[in-house]
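Biologist: I am new to this structure and would like to learn how to read its helix packing. Please start with the terms and then turn to the case itself.

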Amino acid sequence: SALLVFTHKVTSQPDSTRFQSVQSGPPTFSRESAAANMQTLSLARTLNLAVQSTQARPLLSALRATALPAQQHLARRFYSVDANASSSSSPAPPPRKDRFEAPHFNRRVEDVPPHALGAAGPSAAAAPAGPSYSLPHPIWSEEEVNAVSVTHRKPENVIDWIAYGSVSSLRISFDLLSGYYGTMDEGKWLKRIIFLETIAGVPGMVAAMVRHLHSLRNLKRDHGFIHTLLEEAENERMHLLVAMRLRKPSALFRACVIGAQGVFVGWFSLAYLISPRFCHRFVGYLEESACITYTKCLVELDAGRLPLWEKLPAPTIAKEYWKLKQDAMFRDVLLAIRADEASHRNVNHEFASLHLKEGETGVPQKNPFGPGKTH
């Protein structure tokens, strides 16, 4: 814009005053011969057109040839280019960081160490690193994924019993409709996993949204709960994306997902507004059920009843997300997903207990889990 203002002054002034001092800048000009006047006027008009077409850099060589110090000064100031340097002999220096770079727009690459499953053997090279937009999440070791067990927190009060009863009734109904108690092949398992993950990704996002709006309305901090809930929601969505690499749902299946999501989002939003403690206990029991489901899937796989998955390589998206070894198999992915579900189980049960404590003491509780931490 400053270049346009300068050239407009040069081209709009009469010949008698065109080359007098310009008040907005330190450089000054004296009257030249008629030939020099015409040459400079032509260059000024060319500069105006070049700036409008975002091609000001090639014009610097012409400016140097005619020794116009004002244009050189402006070019150095606004384009961070040394007008006295030869563009043909050396590359132009990078733009000034304080003027043209915005660090908060830069893509973020997580500095996460390789997964422990890929720490041994020459074939256990880490998956190729790339730009990552994922939120912090646990990277499990081989000992951690194999140490996951099915646990159950016994209900202790009325809210706990209502939450446990709600999850139990929903699971029984879904198991009957999906044929879970019969023979389950790879196709049925994928249908079940995809559908359940479309539901499992709702509570974290809804809870984070409600808490976010509550914090805005009350002009108070949330003490870190929103971040952990968003991490949970994204983690569940990643489970869905991994399963989608193996199966493309039909139009009828997608319609069922839309209907179930619409009902569940509305119900859970209202429930969280009324009782966050009930909702976190509900999700805790829901994740207990997820651990049971993935444990049974692993047992079926190890028993040889899922032959298509025995030698199935892990999808690339799974290797990158959990930092699995390059030759990881789909069984490694199931182990990582089960470990995620177990962590969500523990986190939500802890959140429900914190809400109970806050209700008893009246003191706001802080999130005990750091970014990407579950214990």
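Modeller: A crossing is left-handed if the near helix is turned anticlockwise from the far one by less than a right angle, and right-handed if clockwise. Helices (H or I, at least four residues) and strands (E, at least two) are DSSP runs, numbered from the N terminus. This is a predicted model, in which local features need pLDDT of at least 70 and side-chain atom pairs count only at pLDDT 80 or more, while totals for chains, interfaces and linings use all residues. Residues are numbered from 1 along each chain as its sequence is written, and side-chain values use heavy atoms, with hydrogens and water left out.

Biologist: How many helices and strands does the protein have?

Modeller: The protein has 14 helices and zero strands. Of its 375 residues, 42% count as buried (under 20% relative accessible area; exposed is over 50%, partly exposed in between, with a 1.4 Å probe and protein chains only).

Biologist: How is a pair of packed helices described?

Modeller: Two packed helices are described by the angle between their axes and the distance between the axes. Axes are lines fitted to C-alpha atoms, for helices over the stretch in contact, and angles run from 0 to 180 degrees between N-to-C directions. Here, helix H7 (residues 158-178) packs against helix H11 (residues 276-302) at about 40°, with the axes 8 Å apart. That makes H7 oblique to H11 (under 35 degrees is roughly parallel, over 145 roughly antiparallel, 65 to 115 roughly perpendicular, and the rest oblique). The crossing of H7 and H11 is right-handed.

Biologist: Which residues of H7 and H11 meet?

Modeller: Contact means heavy atoms within 4.5 Å. Among the H7 residues that meet H11 are Ile-159, Tyr-164 and Leu-170, and the H11 side includes Phe-278, Tyr-285 and Ile-292. The residues of this contact divide into eleven nonpolar, three polar and four charged (Ala, Val, Leu, Ile, Met, Phe, Trp, Tyr, Cys and Pro count as nonpolar, Asp, Glu, Lys and Arg as charged, and the others, Gly among them, as polar).

Biologist: At what angle do H8 and H9 cross?

Modeller: The axes of H8 and helix H9 (residues 225-244) cross at roughly 160° and come within 8 Å, so H8 and H9 are roughly antiparallel to each other. H8 passes H9 in a left-handed crossing.

Biologist: Is Ala-207 buried or exposed?

Modeller: Ala-207, found in helix H8 (residues 186-218), is buried, with a relative accessible area of 1%. Leaving aside neighbours within four places in sequence, Ala-207 is in contact with Leu-229 and Tyr-272.
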